[in-house]
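Work through the following exercises with the sequence and the 3D structure open. Try each task before reading its solution.

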Amino acid sequence: MADQRNPRISVRKQPCQARSAGLVATILEAAVHVLAVEGAARFTTARVAERAGVSIGSLYQYFPNKAAILFRLQTDEWRRTSDMLRDILEDVRQPALERLRRLVHAFIRSECEEAAVRVALNDAAPLYRYAPEAVEARRAADGIIARFMHEVLPDASDMTRDLAGDLITTTFSAVGKAFSEIPRTDADITSYASGMADMFVAYLTHLAGAGRTR
């Protein structure tokens with residue numbers, strides 16, 4: 001029996017021409033709107049097609065079901081997050097801990113700016129959580145974090161670096177989601193991100209000192 005937790009989430013075909021790519025972009029833009037306004041529970045391919053101004057048949061040429069659309073939105077989000085991690089944490093023109101501060105501020109701000117879609121995507125996660133494509137997509141940021149931890153904690157053990165990376169990424173995910181669930185002012189975001197960054201910097205500074213005294 002097919003595993004009902006894993007509906008088909010791959011696209012039916014890749015857009016090869018500019019017109020097809022434009023159609024997919026229109027569908028995805030409509031999907032973001034429907035998701036933000038209606039939420040995951042009321043998200044349907046019919047609503048997306050109506051918002052996009054295309055027939056349901058045209059939508060199904062590229063996305064076999066709503067899970068495929070949601071997965072595409074989620075993978076696009078993962079890709080943007082990975083790009084943000086890479087752009088900030090691998091910018092060696094700044095000291096490592098200053099890069100971390102920049103990342104915290106950028107991440108918390110992006111969480112708040114895209115809160116409605118992010119919350120809805122989280123609600124929809126059971127549709128594709130166990131799919132191999134989802135597991136692979138979530139790995140994109142792991143190497144970036146691991147390299148940064150090795151830079152910041154060169155004298156620490158692999159276990160310590162792995163724990164530090166996991167604690168920070170888990171805190172990013174949980175705290176960012178919780179903080180962004182209600183509207184925040186610019187001052188709120190700045191103050192909260194600064195406090196969170198201070199916490200991370202103090203933690204890593206402590207670990208770095210402990211590693212050097214071994």
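**Exercise 1.** State how many residues the largest nonpolar core has, and trace which elements build it.

Solution. Step 1: the largest nonpolar core has 31 residues. A nonpolar core is a set of buried Ala, Val, Leu, Ile, Met, Phe, Trp, Tyr and Cys residues joined through side-chain atoms within 4.5 Å. Buried means under 20% relative accessible area, with a 1.4 Å probe and protein chains only. Step 2: V104, I108, F148, M149, L153, F172 and L204 have the most contacts inside this core. Step 3: two or more residues each come from α4, α5 (96–113), α8 (142–152), α9 (158–180) and α10 (186–212). Helices are DSSP runs of H or I with at least four residues, numbered from the N terminus. Step 4: α10 gives the largest share, 8 residues. Step 5: another core, of 27 residues, lies apart from this one and includes V24, A31, A68 and L73.

Two notes on the basis of these values. This is a predicted model, in which local features need pLDDT of at least 70 and side-chain atom pairs count only at pLDDT 80 or more, while totals for chains, interfaces and linings use all residues. Residues are numbered from 1 along each chain as its sequence is written, and side-chain values use heavy atoms, leaving out hydrogens and water.

**Exercise 2.** Describe how the axes of helix α4 and helix α6 cross, and list the residues that make the contact.

Solution. Step 1: the axes of α4 (residues 66–89) and α6 (residues 115–124) come within 10 Å and cross at roughly 125 degrees. Axes are lines fitted to C-alpha atoms over the stretch in contact, and angles run from 0 to 180 degrees between N-to-C directions. Step 2: α4 is therefore oblique to α6. Step 3: L70, L73, Q74 and E77 of α4 meet R118, L121 and A124 of α6. Contact means heavy atoms within 4.5 Å.

**Exercise 3.** Is A141 buried or exposed, and which residues does A141 contact, leaving aside neighbours within four places in sequence?

Solution. Step 1: A141 sits in the loop between α7 (132–138) and α8. Step 2: its relative accessible area is 18%, so A141 is buried. Step 3: beyond those neighbours, A141 is in contact with S82 and L85. Step 4: A141 and W78, 63 residues apart in sequence, are 8.4 Å apart in space, C-alpha to C-alpha.

Technical notes
Angles under 35 degrees count as roughly parallel, over 145 as roughly antiparallel, 65 to 115 as roughly perpendicular and the rest as oblique. Buried means under 20% relative accessible area, exposed over 50%, partly exposed in between (1.4 Å probe, protein chains only).
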